[in-house]
Amino acid sequence: MIELINVSKSYNDGKVKAVDNINLLVNPGEIFGFLGPNGAGKSTTIKMIVGILKPDTGKILVDGIDIQKEPVKAKRQIGYVPDEPNVYEKLTGLEYLNFIADVYGIGENERRERIGYFLEIFDLKNAIGDLIQSYSHGMRQKLLITAALLHNPSVWILDEPITGLDPKSSFLLKELMADHAKKGFTVFFSTHILEVAEKLCDRIAIINKGKIIASGTMEEIKKQHEWESLEKIFLELTEK
Ligand code: ADP
Ligand code: MG
């Protein structure tokens, strides 16, 4: 579960209001899509949920734990995939994953099993001994997804995870997300790709200029907008 209560965040001493008093509730068992144009405030919101940025006002709970008050406890529940796959260039993929596994205190057996599983499905086995600097954008992204999910977090928070993945990997990731939600856990992700949101999400929210301008199930949102396509609704709402 993820809960945001009256959350705001400005940059540059208040000159840029990136997130403007938003409220969100993402339930367990739900895939929640966070949509919005470039600069809408998606990444800022996500960085506050995962504890990288501190909100100016408001409160954020992850599985009921306040990310500001108990950051380490809350972060144990979270698997976060950032928007830019920036990783340590001078480590090999395996060194990086072992480093992450050490940070989360994952034991030898579980580590071997989880790493093996992801390398297999993401087709990274042959490259895992190479330096990350030699990896393509898509490989880095797959490595980061693996790293984020290594400790078996209950709450997945993914910032534009589909962009940059090849069709097979994007299909796999969407399946993993659907499975995770089906098991009763929480998946929250941002995307530009409206078709993905439409197919995959139980509920969505659209953010524009820091404010939530629509939220609900696809049915509810379409009903409110005379059953137009999500694309039309999105363009209409975000261009106002
Ligand atoms: P999105 O992820 O939806 O594209 P962001 O959360 O990255 O949007 O950005 C929201 C707004 O905050 C934009 O106007 C952006 O230019 C601004 N912004 C983001 N990061 C910073 C920063 N570090 N310093 C100043 N302004 C920022
Ligand atoms: Mg972003």
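The legends below describe close-up views of a predicted model. Residues are numbered from 1 along each chain as its sequence is written, and chains are lettered from A and ligands numbered from 1 in the order in which they are written. Local features need pLDDT of at least 70, side-chain atom pairs count only at pLDDT 80 or more, and totals for chains, interfaces and linings use all residues, while side-chain values use heavy atoms, with hydrogens and water left out.

**View 1. The shell around ligand 1.** Helices (H or I, at least four residues) and strands (E, at least two) are DSSP runs numbered from the N terminus.

**View 2. Polar atoms beside ligand 1.** Polar contacts are pairs of N or O atoms within 3.5 Å. An oxygen atom of ligand 1 is 2.8 Å from a polar backbone atom of K42, and an oxygen atom of the ligand is 3.0 Å from a polar backbone atom of G41. A nitrogen atom of ligand 1 is 3.5 Å from an N or O atom in the side chain of Y11. Taken alone, ligand 1 exposes 560 Å², of which the protein buries 60% (Shrake-Rupley method, 1.4 Å probe).

**View 3. The sheet of 6 strands.** The strands form an open sheet of mixed pairing in the order β6-β7-β8-β3-β9-β10; two strands pair if DSSP finds at least two bridges between them. Because β6 (78–81) and β10 (211–216) stand at the edges with a single partner strand each, one side of each has no neighbour in the sheet. The twist averages 15 degrees from one strand to the next. Strand β9 (203–208) runs antiparallel to β10, joined by 5 bridges, and I207 stands opposite I212 in β10. Helix α5 (137–149) packs on the sheet and touches β6 and β7, contact meaning heavy atoms within 4.5 Å.

**View 4. The sheet of 4 strands.** This open sheet has antiparallel pairing in the order β2-β1-β4-β5. Its edge strands, β2 and β5 (65–66), each pair on one side only. Strand β4 (57–62) and β5 pair over 2 bridges, and V62 stands opposite I65 in β5.

Methods
A polar contact is a pair of N or O atoms within 3.5 Å; within protein, one must be able to donate a hydrogen and the other to accept it, and residues adjacent in sequence count only if both atoms are side-chain atoms. Axes are lines fitted to C-alpha atoms, for helices over the stretch in contact, and angles run from 0 to 180 degrees between N-to-C directions.
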